[in-house]
Structure formats: C-alpha cells, structure tokens
Amino acid sequence: MEGHGIHPENTRIRQIHEEDQIIFEVLQAAVETADSVKVLNVRDPKGSIRIVKGDHSEELERICGHLRSAAQYAANPRQKKFLEQYHQSFRTGDLEIYKESQKTWIRDTAPSVENIFGFVEPYRDPFGSRAEFEGVVAIANREETAVLTTLVQQSSNFIKQLPWTEGFSENDGKGPFEKALFEAPDFSSIHALAYCSSIIFGGINLPNYNDIRQEHGFKNVIIANRMSAESHEADPSPFVHTSEAAMFQKHRYHAYYIWVVLHELLGHGTGRMMTEEHGKFSFDVEHPPRNPLTEVPISSWYRQGQTWTGIFGDLATTVDECRAELVGAYLMDNSELLALFGYTSHSEIKGQDLTYNLYVQLGVDGLRGLQNFNVGSGKWGQAHSRAHFAMLRCLLWEGDGFMTVHCNSEANDLKVSVDRSRIQTNGKAALRGMLLRLHMYRCTADVKSCRQYYEDLSKVDGHYLEWRRVVLAQKQPEWVFVQANTFLNGEEVYLKEYEGAETVML
C-alpha cells in the first residue's frame, strides 16, 4: 500500500472470493466513491488487492457539513485552513492532505478552543497501523498552561539527565542519539467539552507522523478534567495494601498528572533516529557513534524508505508508549522538576511522596494490564497494557526485591509492595536499563534485538497466568465518562452538564 501512496490509517480490509481467486479489498474512508476500483499490481496468481473508496461515506458527509459550518467561526486564518484541509481529506480519503492539515494545526499555538479530528490513534489495531476516528473539542486553561510552559522552557536540562546522554560531551551534552535542538512544542492544559473515542486519554502528543514531528514539531495537550478522575475516592485500587490505600488515593492524581506530562513532553518528544535518505546520513557514517549498550559503533540504522512503524510493525506502538512511560517514571524523583509543580520537602504533599506513589502505580498498572492479555491467542489487546506489564516484570526481575507482588489465590488477592528506601538504588536503576535498551533499539532500527527483549519481557506465563486470573476476578467496572452538551438558543450558547451515573448515559 505504501508503494502505491496509500496510508493505512483510514482503511480496513475485507476478504472476498471470486471464482478461484481471493480478493482483498482495501476499504478507504471517504465521502467520495470511485466509479471503478483500483487494482494494485501484486505478483500472486492466487489473489489480488484492490482499493474501494467510500467507506463510512454517509458519516463523513455529515462531519464535512459541520466542518464547513465551523470554519465560519475560526479565530484565525490557520484555523480556517486546517478545517478546510480536514474537509478536503475526509471528502477524498487522501491522507497526504490530512498530513498537511496537521502541519497547519501545529502552528495554531495556544488556541482558546483546541480540537483534534481524524483517524488518529492506532491502539485498537493489533498491528498498530490502522486508526480509529476520533473528535475532541476542548477549552484551554491559561493558569494550568503557565506551569507547563515553564517546564517546556527548562526541558533541555532534564533531557541531559536521560541515560542515553551519559558519557557524551557532544551536542551540548545530549549526545548523538538526541536532537540537537529540542523544539519547544505548544503545551496546553485543556478541559474537554467533548471527547469522542473508545479510549479517553489524559494526555495527547500529536501528530503521530514521525516525519512531521521531526521536521515541523508537535503539540502536547493535557486533558485536565479527564486526569482529575484518577483521584476519585470511590475507585481505590484493589492491589494496594489497605494501610496505604487512603494515602495512595490522595496522591494519585498529583503523581499521575506529572507522569503524563513527562510522558507526553519528554517521552514522545525526545530521541533522534539514525537515518539514511538519498545518500545522506543523519550521523557520521565514516565514524558511527558509539552505542552505549554495546560500547561499539552502531551497525544498524533506517535505510532509504524505511520508517519506525514500517520496520517494527506490531511492536512499534507498544514500544513507543513503553519508552515514553519509562521517561516519565525515570524523572519522577527529580526534586527540581517536582518543585516546578509546587511539590517540595516543605509542601503539604511532598515530592518524595509522589515519587513513591508513582512506583506503586507502576506495580498496580502492570497488574491491571493483565486483563488485556488474551490467553487463547497469546496476544495483547492494548499497547499501553503490554507496556505496563513489561515495566512491572522489569522492576521485579532487575529490582533485586525492591518491588514485590504477594498473591493469595484462595482470597483472589494481589498486593504490590515497594521498598521506599531503595527507589534510587534499585528501582530507578532497573528503569534506566530498560529505557536505554528501548531507546537505542528505536534510534538504530535494531528490530531483532528489540523483539527478542520486549517479547520476552512481556510474556505472560507461569505464575503470571495465575496473577491474571486474580486480576480478572478483581476486575472493576469500566469507567463511563458522562460528557456535557452545548445548545444554541438564538445567539446564546448554553452548556448542559449531567450527573455522573450510568442511568444518565441512557
């Protein structure tokens, strides 16, 4: 498909049989429908592949109508331009136009009303390529954004503390595997008015196209009113000891908020790929940089036309998310960073309390992720869940008893314990090793080593299967997010909010 200029995000596959042939139809989402199908030239006498435009045509037609109306109220020419580009892309199915809209959207910095539209996140696709359509409309919070802006301004200082910069003096101390210039992204705290997706994230880093991110930058947003749900007192974790449950819940939102902020800004915002394009290299090919994992010069990189998602395939999304989670967790003990958010040794909620809370959260999330593992197929159903479990296993394996999980099968009970005194010496050291591996595999296109390491680390076997059974026995109801509606009465806009209850959803 890539060879024919077709991106996978807005497609799905349908298999049909005609006479003795198997035909794979690539259904491309678009308002327009083609008079004839496009047959791709593939060398296989047993079957063929053809492109069929017009998938979800009726729904996209309605969306395009609303986009035309919204363009009349754009706050500036850039907003009007990307709304028109959305419209053109959804009408034709052309994702190159959508990519252009993302370049325009990035330049619309600090808007009062933020939006995200399109086939964006690939988490529901087992291969991590095809994306789910989503729509977000949100209102910016200026006070919360001011704190994030301060972090962005100081981000280079924290990047230099990441493990792949150690031992390098070049590139202002960041080394060859980090960008020379950290392009400060637009980073906003927003409150979602409407968030239409099967997964409601607390933080978003977009666009997902690496070529745009490297050449044009990206945006970070924190969905503050989604994040606040983490501190809901009626949702205590069953995997935290009763004696610590109240304190864990009290600190949970504060630790989670900073973790997500670091995940989005420095997790997804760092790293430099070793690439070759049209005979030009992003590194000195005559004297390749030293790989800190092996202490010898790198021997692999992205060749002409190769991409991160293309090479790593089904691993790309989960490894990318795992690496971003690790960056956030690795920096969570930094007192200078925590102080930016008002957490010090003298504040009501102390910085070291949030660090401890985060490590307990790593254990809890690792256990909770097991519910998204399918024993029958041996496959993971969610990229983040696989990442969280892999991080848990890393802490158990490499932490030398720093973290333990006690399982009482008869009582269907699992409890996470963290040795607070060994966070620096054992916990962080374990995360460092895992983070450095994933970062270097990603930068150097070393998919073979990555697959061997990550698949082994995220394997669910032995007593982990029993843990999964207990997790499912303790499974809590899925969260239901009740969202507000706006109504237009003449020239006045009214906001109607609802009580958070299942009956209200009906």
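Trainee: In this predicted model, which residues of H10 meet H14?
Mentor: The H10 side consists of Val319, Asp320, Cys322, Arg323, Leu326, Val327, Ala329 and Tyr330. They meet Lys428, Leu431, Arg432, Met434, Leu435, Leu438, His439 and Arg442 in H14. By class, the residues of this contact divide into 10 nonpolar, 1 polar and 5 charged.

Trainee: Why is H10 called oblique to H14?
Mentor: Their axes come within 9 Å and cross at roughly 140°. Roughly antiparallel requires an angle over 145 degrees, and roughly perpendicular ends at 115, so this pair is oblique. The crossing is left-handed.

Trainee: What makes H10 oblique to H13?
Mentor: The axes of H10 and H13 come within 8 Å and cross at roughly 55°. Roughly parallel would need an angle under 35 degrees and roughly perpendicular begins at 65, so H10 is oblique to H13. This crossing is right-handed.

Trainee: How do you know that the buried residues of H15 lie on the same side?
Mentor: The buried residues of H15 are Cys450, Tyr453, Tyr454 and Leu457. They cover an arc of only 90° around the axis, and therefore lie on the same side of H15. These residues pack against H9, H10, H13 and H14, whereas the face turned away from the buried side carries the exposed residues Lys448 and Gln452.

Terms used:
Residues numbered from 1 in each chain as written. Predicted model: local features only at pLDDT ≥ 70, side-chain atom pairs only at ≥ 80, totals over all residues. Heavy atoms only, no water. Buried < 20%, exposed > 50% of the residue type's maximum accessible area, 1.4 Å probe, protein only. Helix = DSSP H or I, 4+ residues; strand = E, 2+ residues; numbered from the N terminus. Arc of directions from axis to C-beta. Contact = heavy atoms within 4.5 Å. Axes fitted to C-alpha atoms, helices over the stretch in contact; angles between N-to-C directions. Left-handed = near helix turned anticlockwise from the far one by under 90°. Nonpolar A, V, L, I, M, F, W, Y, C, P; charged D, E, K, R; others polar.
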